[in-house]
Amino acid sequence: MIGNQFLEVPLGQKPMNMTTYLPMLNPAYTQGGWERYQNKDISDEVLITYGWGDGGGGPTWEMIEAGKRLEKGIPGCVSVRFDTATNFFDKLERKMKKSKHIPKWVGELYLEFHRGTYTSMAKNKKNNRKSEYMYQTAELLSVSDMLLNGTKYPQKDINDGWELILLNQFHDIIPGSSIKEVYEDSDRQYLKICDTGTNIINNALTDIAENVDTDGGIFVYNPLSFDNSGIVTIDGKKVYVEDIPAKGYKVVKDFKTTNSVKADKNIIENKFFKIKLKNGDITSIYDKKNKREVIRKGEKANVLRAFEDYPKDYDNWEITSYYKDKMWVVDDVLSIDTFDDGVCAGVKIRRHFIDSVIEQKICLYDDIARIDFDTYVDWKQDHVLLKAMFPVDVHAQKATYDIQFGTVERPTHQNTSWDAAKFEVCAHKFADISEDGYGVSLLNDCKYGYDISGSDMSITLIKSGTYPNPDADKCGHRFVYSLYPHAGNHKEGGTVLESFNLNVPMYAVKTENHRGVLSEEYSLVKCSAENVIIDTVKKAEDSDGIIFRMYETYNRRTNVQLDFGFDIKKCFIADLNENKQKELKLTKGGVEIEVKPFEIVTIFAE
């Protein structure tokens, strides 16, 4: 007998959400998959991935037996044929070339479900973000050390680290929808990732610094693809350094260790902003440079709001739109104090919410035109969604969100059911709304869920569901989100570069007076266009060549000049698998290429 699997869904019932996601190979699922398939005018075949598990797991003997019987044909049910996915798609491609009615979708395929996965298990989201940038920096520094000092590239350690990072991006780990024991494993694995990555970075950083010909100072390495100024930490203290070369280093002699920020319990002020507070609430943010108020009149900013969160389906996976029906403002202020951390200063506010405590520093700087909210949360609640909201005085019908290798635009209104469904959306480092001439960006260093309605900008901080992990998010959380008002739109205002500054730290070590063969200032590679981001620099997998992977982020066609800080003999355009495709002409130690809007380009230098 075939067994009792066929009793799960009787013939005639069509399990609408299972026939393509959790399909068992039986008549009901097979027929349901065919009936859901909408492009029968193009192809009379549909691919069904079957097996025990999500989206095609391991087949069972019952399924194989059922498939053999379905091959023979059952009245009222489509027939089945065992084949490979490659053969199916090859055949489909040939059919599509003959058809005149191929459907085309332009824009985002927004999944109206599983919105909670942007936020659930926040510690894993943070560990993932920090690990990715750490290992990109480890690759870059290791390439620099190899080229400048002849040091062996630590290929195995880097590959092992990336494999663990990718393992923890697996379904259901990174969505935050696994059982508790999975996250106990991932905690240990992320510690290993961090330890190995830190060792790689420190070894390369020290090796390069010790070979510089210098009278001493602070050796600062900038992993970003543009010249940069910012904050580094030396001996536990924050200092501000300037003009560090792109993908390179500089020995800094002069640096800033103090600030001129004015702060008390009612006002925080620097040359960029004047922030007014009342009992810890921000009632005004005046942008001095652009001479305008950032916050809508009569509103409060950085409002921490807690929502009751019992989704209709799939607790840790989903947020349902009715969550807004029950909300509390986190306004139980325990204390307000001023602080001064050297190069930044501001106000520290401690709030209480049921059993949880939220400590937050509102930080201003002398030379950085953004407002940081450095936050620590000791979270004890469950089924509570925590968000921070900024009602900004900007008119915009759409918002721009950072995604991998570019941006995407989404409506800020709910004109249609499709618009209304986007009440929680995903993004990476920032979201922005801009009118002609002015805008506001909301940046983050480890969050992924946003909600922008009209000109109310919200970022989701903690979700805390209980299934399948009853203790999800019940822990300490440290993160930073930032408000970045700017002239122009997000491109003209420099939002992309500022979001990288928040996420990718510069590294620094003290260096003494010593003689070496390296200069005090160096750039491995420079890019002539700010809209083209050099995302990755690494050694080629199968040779000693160097891979440079970059992307265009403004939707702007651009002619780009890359200038290399080392001698190259040949340079090629390559595919993502590092296969050389086209040789480029070398000009003055670099190459010039055209980059199309949002295009990803891989350069192979040898």
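Here is a walk through some helices and strands of the structure above.

The model is predicted, so to speak of local features a pLDDT of at least 70 is needed, side-chain atom pairs count only at pLDDT 80 or more, and totals for chains, interfaces and linings use all residues. Residues are numbered from 1 along each chain as its sequence is written, and side-chain values use heavy atoms, with hydrogens and water left out.

Let us begin with a helix. Helices (H or I, at least four residues) and strands (E, at least two) are DSSP runs, numbered from the N terminus. Helix 4 covers residues 122-149, which makes 28 residues. From its first C-alpha to its last it reaches 40 Å, close to the 40 Å expected at 1.5 Å a residue; the expected span is 1.5 Å times one less than the number of residues. After helix 4 comes G150, with a positive phi near 75°.

Now look for a neighbour of this helix. Two packed helices are described by the angle between their axes and the distance between the axes. For helix 4 and helix 6 (residues 180-209), the axes come within 8 Å and cross at roughly 25°. Axes are lines fitted to C-alpha atoms, for helices over the stretch in contact, and angles run from 0 to 180 degrees between N-to-C directions. By class, their contact has 14 nonpolar, 12 polar and 4 charged residues. Ala, Val, Leu, Ile, Met, Phe, Trp, Tyr, Cys and Pro count as nonpolar, Asp, Glu, Lys and Arg as charged, and the others, Gly among them, as polar.

Next come the strands. Strands of a sheet pair through backbone hydrogen bonds, either parallel or antiparallel. Two strands pair if DSSP finds at least two bridges between them. Strand 23 (residues 456-462) is mostly covered, with 6 of its 7 residues buried. Strand 16 (residues 384-391) pairs with strand 23 in the antiparallel sense over 6 bridges, and A388 has I459 as its bridge partner. Strand 22 (residues 449-453) also runs antiparallel to strand 23, joined by 5 bridges, with G449 opposite T460. Strands 22 and 23 form a hairpin with 2 residues between them, and G454 in the turn has a positive phi of about 65°.

Further along is an open sheet of 5 strands, in the order 28-29-34-31-32, with antiparallel pairing. Strand 28 (532-539) and strand 32 (580-583) stand at the edges, each with a single partner strand, so one side of each is left without a neighbour in the sheet. On average, neighbouring strands of this sheet are turned by 30° against each other, direction ignored. Strand 28 meets strand 29 (residues 546-552) through 7 bridges in the antiparallel sense, and V537 stands opposite F548.

Finally, turn to strand 30 (residues 558-564), where 5 of 7 residues are buried. Strand 30 is joined by 3 bridges to strand 27 (residues 525-527), running antiparallel, with C527 opposite L562. Another 6 bridges join strand 30 to strand 33 (residues 590-595), again antiparallel, and there Q561 stands opposite E592.

Conventions. Buried means under 20% relative accessible area, exposed over 50%, partly exposed in between (1.4 Å probe, protein chains only).
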